[in-house]
Structures are given as C-alpha cells and as structure tokens.
Amino acid sequence: MKTLLLTGATGFLGGAVLEKLLNENQEANYLFLVRAENAQQGLDRIRMNMEKFNVDAGLFSKITIENILLGDLSEPEDFLSDIRINKVTHVINCAAVASFGNNPLIWKVNVEGTLAFAERMAQVEGLKRFLHVGTAMSCAPEPGSLVAESAEFEDTAEHLVEYTRSKSTIEQLMRQRCPQLPLVIARPSIVVGHTRLGCQPSSSIFWVFSMALMLRQFMCSLQDNIDVIPVDYCADAMVMLLNRETLDNDVYHISAGEECSVSFADIDRAMAVALEKAPVGDAYAQVNYDVLVKMRRQLKDIFGPCNERLMLKAMRLYGSFAMLNVRFSNDKILKLGMPKPPRFTDYIGNCVQSTRGLSIQQQMVVDFK
Ligand SMILES: NC(=O)c1ccc[n+]([C@@H]2O[C@H](COP(=O)([O-])OP(=O)(O)OC[C@H]3O[C@@H](n4cnc5c(N)ncnc54)[C@H](OP(=O)(O)O)[C@@H]3O)[C@@H](O)[C@H]2O)c1
C-alpha cells in the first residue's frame, strides 16, 4: 500500500485533494505535514478544512494524530528528521505561501524550505513520485498567448510578483539539485471555486471578478479570455498524476486550455444570470490603473467599508494578471485521459450563491495572508 505524504491539507488545493481521497476511500497510509502547536491541533485544523468541503465526519474519522507530521517549511530541519518520512512512497506537495502580497516568508518557504524538503525526499529509497504543485503563471507568459508546458527556466524573466518568481525558481532548483527525485510538476492555471460548493472552501480570486463588475471598469477588456478551473477538477488531475504508474512527461498544466477558457464578457453574462440582474455589458470600460486610483474616494460607496489602499493594491496586482489574456495548453493532461474541465461559467452560480452577504474585503482576505 502506498504511503502518501500530503502537504498543504489545510489549504484550498491540498484540501480538495484530501476531499477526493477520503470520498473515494483511496487506500493509503497518510502523513500530513501541518503547522500547529501539537498533533491534536494539527488534526483539528485539517478537520476544520474538511468541513468546508462538506466531507462526512465518518470518513474523516480514519485520520488520527498518528497521521500528523508537525512541521513548518520555513524551519524544515525540525520535521525532516522524523523517521516516518523514510517510509513515504508518494508525495503531493501543495504547501506554499500562495500570495500576491509581500509576505516576507515567500522565498524562505517556497524556495529554501521546499528545496530542503525535496532534497530530503530524494534520499528516501522507496519514493516513487514527488508531485510538486507549481503554477502555470510561473513562466511569465507572453500576453495573448496559448502557453505550452516548458521546463525551460528564464533567469531574466520579468515576474509580476515575487510569488511567481519563487515558484519558477524552485522548479529549476529541484531539477538541478535533486536529479534522483522522481519529480513530476503539476502547474494549475487559475483555480476558482468548486463545482458543487462554489466558494465555500475558499473565496480565493472569485472576488476579483465581482470587484471588476461592481466597478464597471477594470484593466482588462471584456473580450480578454481567462483560464480558470475549479478546485475539484484540479484535485482529480493531481490524483491522476499521482497514481499513474508511468508518465511520459514531467510537467503538466492543469488548465482550461483554449477550448474551455472563458471571456470576461461570458463571465459578466453568467454572473448576471446568477444575480438575476442585467449584465454590465456596454457600461463596462477598460481603463488604466491610474483611473482606478482616481476613484479612491468612491470605493467605500461601491464596496462598503474597506481598506482603500489594499483595494487599490489588489486591483493593480490582479488587474495585471487579468490583462495577460493567456490560456494554458492542456493537451498533455487530456491525452492522459482527463476529461475536459467544466467552464467557469458553468458553475459560477454556485460561487455567487456561496459568497452572498460577504463583502469584497471579506472575500479577499484569503489572498492577502
Ligand atoms: N489557488 C490557485 O489559483 C493556484 C493556482 C496555481 C497554483 N497554485 C499552487 O497550489 C498550491 C496550493 O495553493 P492554495 O491555493 O491551496 O493555497 P492556500 O489555500 O493558501 O494553501 C497553502 C497551504 O500551504 C500551507 N503552508 C503555507 N506555509 C507553510 C509553511 N511554512 N509550512 C508548511 N505549510 C505551509 C498552508 O498551511 P497553513 O494553513 O498552516 O497556512 C496551506 O495548507 C501552491 O503551491 C500554489 O502555488 C494555486
């Protein structure tokens, strides 16, 4: 039986992976890397996340404190000496500081700590797969392009945020420093909501679309496309990459691709249907960030009580990504037998439903940790 070490099980993607493994009763010995004061608290933190995914308490009851590996990737030496690691056969590494903000731990966790973890895992004799979760955006894509998976590393690539630079660097370092690691990299595109639960597990990124439509102006055009996938589709693909005995490639996008990406106009229309109101349509204007800055004083009238500086920072960061108008090719994962992903607009109603009554400021907290 496999022994799976899953990191990031208290988070969005790692939570969705565990939701799937538990719901499907997949046979495995589990080890969860989790930050907590003690094993019981670690277990409770994962349980609370599983409640957000509506996982049945009975299914979760097979997880005990024995499955908890207390540890922090910013101080990896404390947990890397745990002898249970020597029995691990499979890893899904979802843990990272996944923030566009200036979190001072981004490099320490996403690069230094993750590298130490990978180097330790490379010494585990029975390790069959180390599935590392990267991000499709880490390749600093050309605006307007359909991006293919590439393992090439561009040292001088211009990154919009430190987070994508860290994710790109760690992929390169793991390849260079851990040649014997059975490394496979899954690069999700933009993960928003869950097909059944909407934003109940996490409101990450969904608020950006609501914000732009409430403003009736943003930095992207309504004709621009965006590559969004739901978290449960992403988890299905990761578990497939984990379980497949052999793989032809070592980098896979998990993405909507050309066919299932949607335009902002599609999102406007689908959101309007869910909210039972008219789409913004022609009333929308594509504007520069400077125009948004000049609206500073009106933000409270539009969004209710909010931190104007944080709202503007969010608009600048997410607006720059929205303007990229990129799609990420998903040919490789489809060839492995993954079905096409649902379109964002197919399940946007559940996202709208699950965020009713929450302000933009409340929804965005999760992305500015
Ligand atoms: N969400 C997306 O749209 C998206 C798209 C592409 C790729 N990804 C990638 O997917 C992965 C997961 O992202 P996510 O959206 O699930 O983020 P998330 O919800 O913020 O979850 C991050 C997870 O990492 C853990 N973590 C953070 N710092 C840690 C540390 N120092 N030591 C140990 N664990 C730590 C967190 O634990 P705590 O609960 O203790 O903080 C949490 O479980 C990341 O690698 C991200 O780059 C995400």
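A polar contact here is a pair of N or O atoms within 3.5 Å. Keep that cut-off in hand for the opening stops. The model on screen is predicted.

**Stop 1: the ligand**

Select the ligand and the residues around it. How many residues surround the ligand? The count is 26. The closest are Thr-10, Arg-35, Arg-45, Tyr-163 and Lys-167.

Now pick out individual atoms. An oxygen atom of the ligand sits 3.4 Å from a polar backbone atom of Val-133. Ala-96 also contributes its backbone: an N or O atom there lies 3.2 Å from an oxygen atom of the ligand. Arg-35 uses its side chain instead, with a polar atom 2.7 Å from a ligand oxygen.

**Stop 2: Thr-135**

Move to Thr-135. Find it in the loop between strand E5 (129-133) and E6. Is Thr-135 buried or exposed? Its relative accessible area is 6%, so Thr-135 is buried.

Show its contacts, leaving out neighbours within four places in sequence. They are Tyr-163, Lys-167, Arg-187, Pro-188 and Ser-189. Tyr-163 and Lys-167 are among the closest residues to the ligand.

**Stop 3: Glu-158**

Next, select Glu-158. This residue lies in the loop between strand E6 (146-147) and helix H6 (162-177). Glu-158 is exposed, at 72% relative accessible area.

**Stop 4: Gly-113**

Go to helix H5 and select Gly-113. Gly-113 is buried, with a relative accessible area of 2%. Which residues does Gly-113 touch, not counting those up to four places away in sequence? Leu-73, Pro-76 and Lys-108.

**Stop 5**

**Stop 6: salt bridges**

Side chains of opposite charge can pair when their charged atoms come close. How many salt bridges does the structure hold? There are 15. Visit three of them.

Start with Lys-20 and Asp-236, whose side chains meet at 3.2 Å, N to O. Lys-20 is in helix H1 (residues 12-23) and Asp-236 in helix H8 (residues 231-243), so the bridge ties together parts 216 residues apart in sequence. Lys-20 counts as buried at 15% relative accessibility, whereas Asp-236 is partly exposed at 31%.

Then select Glu-119 and Arg-177. Their salt bridge spans 4.0 Å, N to O. Glu-119 belongs to helix H5 (residues 106-121) and Arg-177 to helix H6, so this pair joins parts 58 residues apart in sequence. Glu-119 is partly exposed, with a relative accessible area of 31%. Arg-177 is partly exposed too, at 49%.

Finish with Glu-308 and Arg-297. The closest N and O atoms of this bridge are 3.1 Å apart. Glu-308 sits in helix H13 (residues 308-322), and Arg-297 in the loop between helix H11 (289-294) and helix H12 (299-303), so the pair ties together parts 11 residues apart in sequence. Glu-308 counts as buried, at 15% relative accessibility. Arg-297 counts as exposed, at 63%.

Together with Arg-297 and Glu-308, they are linked in a network of salt bridges.

**Stop 7: Asp-224**

Asp-224 lies in the loop between strand E9 (217-218) and strand E10 (225-226). Asp-224 is buried yet has no salt bridge. Which side chain of opposite charge is nearest to Asp-224? Arg-327, at 8.3 Å. For comparison, a salt bridge needs the nitrogen within 4 Å of the carboxyl oxygen.

What does the side chain of Asp-224 reach? The backbone nitrogen of Ser-221, at 3.0 Å. Asp-224 touches Val-262, Ser-263, Phe-264, Ala-322, Met-323 and Asn-325.

How values were computed:
Residues are numbered from 1 along each chain as its sequence is written. This is a predicted model: local features need pLDDT of at least 70, side-chain atom pairs count only at pLDDT 80 or more; totals for chains, interfaces and linings use all residues. Side-chain values use heavy atoms; hydrogens and water are left out. Helices (H or I, at least four residues) and strands (E, at least two) are DSSP runs, numbered from the N terminus. Buried means under 20% relative accessible area, exposed over 50%, partly exposed in between (1.4 Å probe, protein chains only). Lys and Arg count as positive and Asp and Glu as negative; His and the chain ends are not counted. A polar contact is a pair of N or O atoms within 3.5 Å; within protein, one must be able to donate a hydrogen and the other to accept it, and residues adjacent in sequence count only if both atoms are side-chain atoms. Contact means heavy atoms within 4.5 Å. A residue is near a molecule or strand if one of its heavy atoms lies within 4 Å of it.
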